[in-house]
Amino acid sequence: MRRAAERWSAMAADSALLLSLVEEFVSGLQDSKAQDAAKGVRDGHFTVLQLVEALGLSLTSSEPQTRARGVQLLSDVLQEDSAALSQREVEVLIAFYENRLKDNYVVTPPVLRGLLALTRCAALPPGSAVSMLRSLFQDVHVQSLMIAERACVYNMLINLMDTREAELKSLGADFVFGFVQSMDGERDPRNLLLAFQIARNIVVRGYDLGKFTEELFEVTSCYFPIDFTPPPNDPHGITKEELVQALRAVLAGTPKFAEFLFPLLIEKLDSDVQSAKLDALQTLNAFLSRCEHTDTAEFLQGLWSSLRREVFQTSSEKIESAALAALTALTSCLSRSVLSSDSEDVLGHFLEVVLKDCEHHLREPDLKLVWPSAKLLQACSGASYRASRVIAASVLPALTEQYSSKTQCSQRRTLLEVLQRFVQSVKSSRSTEDDDGVLSAHRADLCGVAFAALSESNASLQVTAAALLASLARQTGLLLEADVRLAVDHLTRLLLTEDDDRVSAAVVECAGVLAELHPAAFATRLIPRLKEEVFSDASQQHSHHAVRRRCLSALAAVSTQPSVVQESTPVLLQVLKSALTGGVSLEEAVLACRSLQRIAARVQDTEEAGTCFHDVIIPRLLSLALQAALQEEDSSGRGGALVQEDFLSAVVPVISTSCSRLQPTLAARTASRAVSLFLDGDVSCLPENSFPPRLQLLQAEEVSWRRSQLVCLLMGCVCALPRGVELPRTDELLSRLEEMSCTCRHPLSYTAAAKCFAGLVNKSAEGGALDGVIQRVRARICRELDSSSSPLRTQAFTLLVWVSKALLLRYHPLSTGLTDQLFSLLDDAHLGAAAADGFLLLMSDSPDVLNRGCHADVRIMYRQRFFSENSAKLVQGFNAAPQEKKPNYLKALSNIVNTLPQQVQVTELPALLSLLLEALTCPDQGVQLSTLSCLEPVIASPPPVLLQQLEAVVGRLLALVCSPAMNVRMSSLRCVRALSLLPAHQVQDSPEQLSGSLKLIRNECRCFQVLPFRARVLRALAPPLDDRKRLVRQEAVQARGEW
Amino acid sequence: PPAGGGKYSQLENANPVIFQRSGERQQTAAEEDEDVHDPIDDREIFDILYKTTQNDLLMLYFHPLSLEELNVVEQVRVQVNDADSTVSVEFTPTIPHCSMATLIGLSIKVKLLRSLPSRFKIDVHITPGTHASEAAVNKQLADKERVAAALENSSLLEVVNQCLTSRSL
């Protein structure tokens, strides 16, 4: 009894609350009460229908404003949560709202919002969508509503299309008509995006357009081509591109638009406005992919002549390529037509027309139109197999025949190039049973032309012929075995005899393509011939060096298949071996290493290739280097080339590339062999082993530099391993490397040891052990650096830089201490300049260690992070430093800023601009140069602060155009040139931009920004025009031309 | 002045004979050496002009060919003497009645005036026997005052400047 009473009184309290909420919202105009009401409904204090009852008075008021307010409360509540409504409630509410649509216009907006909320309801009863829309289309004139209410209507349609498609389709064409009427005249870009989305749904999801196809097309196509410049600081972020895409999706959405769209596009192609042309071509392309050939029938002639005109008389590459793409789409649309005995061959007829218009231009290879004609034909040929066949059958014989009849080189070259592009464009056959490709009928002729051109003496003919041959080889199954053999012979001959760099580059590239597809011919024919040449007796002659160089690079180019690698690498190793006896120069030994590295980087990662590198090549390289070192120590002196730094630096990438990408298990074995070789002097893994046992390699004090520098090879073996590959005896290795890097006197040796140490630290597992190692090293480094008389300070400094880098890359917390130490060294009397350069090392990718290729732990954005954490320190340090140390800070700063991505530079520059400008006056040319190179991109997209300091910028730059260093002169001239192009940043807020064309305003304010400096700049640029260096003059001419 | 901003229908020669490009100048080691003086040579002048001509306006007439490919300015016809500070450029219009001849000549002249040190005396003229009104055009181009006056005409200057805007930008 008591409980019933409580419930009763609670209900009474709720309804009193409800009434007061309604009162305060409707009469008191307190919008927040809508939230409270919504909460009441959600918490179950009262239902929506009770709310309607409570609203009774306001809804029947004679004041339209009061009625509107009442409806608004209801709609607001529904917007908050309409999900929980029952079907019955929804039904009542819809009936109510539909009725209210007939009310005064001020009531309409909240009604629409309520209806929108109801369209989101899962409980929408069947039939209600239809009735809702019928009332909507009948009672509301959408375009006289405000922007937000129109958006309401569009969103209702979108919601209903998503959930009640079948019902809407039952409305038939009335739905389309209703929509067309609703959007007719829409002007707001946000609403247009919604309207285009609805229109796209209508055409794509197969709504019945009935007799309103043309109306729907008209109401959307009137916006084509979209011309829209968003207002400055547009909060809605709608771009022209979005609108273009949305409209294109509508227009190109259904083939039913064909009869209207084609004439429209043909008309727009005549336009002088480039963007309209481009849009028309892209829309055409999209539309054609949906069309049947029957849709295009009556417009083929018109389309072809427009497309042809765009390519023949094109004014921009963009438009040309869009036109060619559209032609390809058109041809493939026609190719989809099914050929039957009684229907006409649409594709055939079309291609006939194309051939008629273009083919005769191919007969005049001197004249301009040969190229556009060729491009048009290639675009058709690339569309389908059938088209390729037709075009090839007609064009290729004519071209090959002409090639043999013309005698002028330039004509022949043009013909060859056209041929090459045709071969490239040919679609290979899709059907498997039809295995003879398009080109097989012409194979003999094409090969004949290619081989004939390769035998010419003209370089450009040879280059083009090599490209043609490569394209022919790429057509699967085209070349016969005999052709390949002949091709290999031609390539070999050219490699050995042709001196022209362009020719040999083209030949080497072509050989690379062919060797990948036909390895056997190369392994058996080319490589033995090259080997013979490399080791021939004529090798002492000067001209022969060039031949050998080409052979070495060709060996690398053809080695992508393991079977070829098996043949080519022994040749390269033999070259290196003869370097040991002085038979080959240092330069050639380095080239041989480069070739080996290229092979390691490109060969397929198979077990065969892995064994070749890990079991043959790397042990052989280690052995050669060691033999050379020992020979030198015995002062027999013949292995001279192989103890040079250049050679060793070329060997390291061979080893590290193989370890990083070929066969991880084998790489692990290589690494552990290297560890025992260097720690214990265990030489058992080396071939041709005549070394003394227990070789000392990592003892800084005791061994000669020739031996100690080999530590860089250890680095190649252990620092490039994929992460997760276990390395034995790491602790021992680390402490020996630390010892060596801190005590050795030979620069290459201690630097390599420091790098190797850093490479290992970078990959070591996080934890106490690693922290201990770092603390120990840091203490040691500090000790050395603190004693200013120590002879080993440079060593300690080198280790500091490398370890800092290793830790910085992986975001290790201890890196900060090390980099701070580096900052403090900027004040150091001896190491200050080196410390400034150290920042460059810290920020840039090093080629041989600590990079992603070596699987190092490199976090993205580490540069930005370092910069943002440390830029303040630099500025402080700069301000506090004595005058003579300031350049170090400026140099460090420009080293850091230079490596940042431009986006970051632009955002961070304001804080640093004054410092950078200071750096321009710094007498150090290195600082000037690096500052200029980081200013250049910043000027190209200038922050406002740069524009405020324009005076200082211009002044300092002009002072440098007569600098004694030509690089500084060139770089400053480039900056001056960039200044002339300052885009309009400050004026973007101005309202005029809305009306005028953007480009015009940009030009005007470009003048406005820099015009005051024009006379002064032109005067200052006169002397560099007469600079003694041509490269400087070239920059000056460009800069002055822009001003 | 000749009509600016042409329609395609006004193309003077839709399918002209084209010539091979002579390729980029190869950079030599001497050019990178601080201590070597590089004199201004024919090729350099030619490059200045070559870079001139990839522009919007003339492109309507000649695209996708540059003046060089059209043989309007041939390398052999550029003669420079750095020591005497003289430059002489001969250009050949594509057809004898080319109405663009004056504009092309003027553009070449202005480009050289802007790009060469002021010590140079610049002579631009039509290759003898290649244009119907050769003498008149040459006279115009040689007359300092007329060139200056032509450049005072802001609409003409606009056209010339358009000709001289390099295409890369």
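The legends below describe close-up views of a predicted model. Local features need pLDDT of at least 70, side-chain atom pairs count only at pLDDT 80 or more, and totals for chains, interfaces and linings use all residues. Residues are numbered from 1 along each chain as its sequence is written, chains are lettered from A in the order in which they are written, and side-chain values use heavy atoms, with hydrogens and water left out.

**View 1. Helices H18 and H19 of chain A.** Helix H18 (residues 317–335) and helix H19 (residues 346–362) of chain A have axes that come within 8 Å and cross at roughly 145 degrees. Helices here are DSSP runs of H or I with at least four residues, strands are runs of E with at least two, and both are numbered from the N terminus. Axes are lines fitted to C-alpha atoms, for helices over the stretch in contact, and angles run from 0 to 180 degrees between N-to-C directions. From H18(A), the residues A:Leu327, A:Leu330, A:Thr331, A:Leu334 and A:Ser335 meet A:Val346, A:Leu347, A:Phe350 and A:Leu351 of H19(A). Contact means heavy atoms within 4.5 Å. By class, the contact of H18(A) with H19(A) has 7 nonpolar, 2 polar and no charged residues. Nonpolar covers Ala, Val, Leu, Ile, Met, Phe, Trp, Tyr, Cys and Pro; charged covers Asp, Glu, Lys and Arg; the others, Gly among them, are polar.

**View 2. A:Thr464 in helix H24.** A:Thr464 lies in helix H24 (residues 459–474) of chain A. With a relative accessible area of 6%, A:Thr464 is buried. Buried means under 20% relative accessible area, exposed over 50%, and partly exposed in between (1.4 Å probe, protein chains only). Not counting residues up to four places away in sequence, A:Thr464 touches A:Arg413, A:Leu416 and A:Glu417.

View 3. A:Phe224 and A:Pro225 are joined by a cis peptide bond, with omega about -10 degrees. A:Pro225 is placed in the loop between helix H12 (213–221) and helix H13 (240–251) of chain A. Most residues other than glycine have a negative phi, and most peptide bonds are trans.

**View 4. Two residues with positive phi.** A:His855 is not a glycine, and its phi is positive, near 60 degrees. A:His855 sits in the loop between helix H41 (832–843) and helix H42 (862–880) of chain A, and is partly exposed, with a relative accessible area of 27%. B:Ser85, also not a glycine, has a positive phi of about 60 degrees. B:Ser85 is in the loop between strand S1 (73–81) and strand S2 (86–91) of chain B, and is buried, with a relative accessible area of 11%.

**View 5. B:Leu112 in the largest nonpolar core.** A:Leu216 and B:Leu112 touch the most other members among the 404 residues of this core. Helix H31 (residues 607–633) of chain A gives the most to the core, with 13 residues. A nonpolar core is a set of buried Ala, Val, Leu, Ile, Met, Phe, Trp, Tyr and Cys residues joined through side-chain atoms within 4.5 Å. Leaving out residues up to four places away in sequence, B:Leu112 touches B:Ile45, B:Ile48, B:Leu49, B:Val87, B:Val89, B:Ile122 and B:Val124.

**View 6. A:Lys240 in helix H13.** A:Lys240 lies in helix H13 of chain A and is partly exposed, with a relative accessible area of 27%. Apart from neighbours within four places in sequence, A:Lys240 is in contact with A:Ile226, A:Phe228 and A:Ser275.
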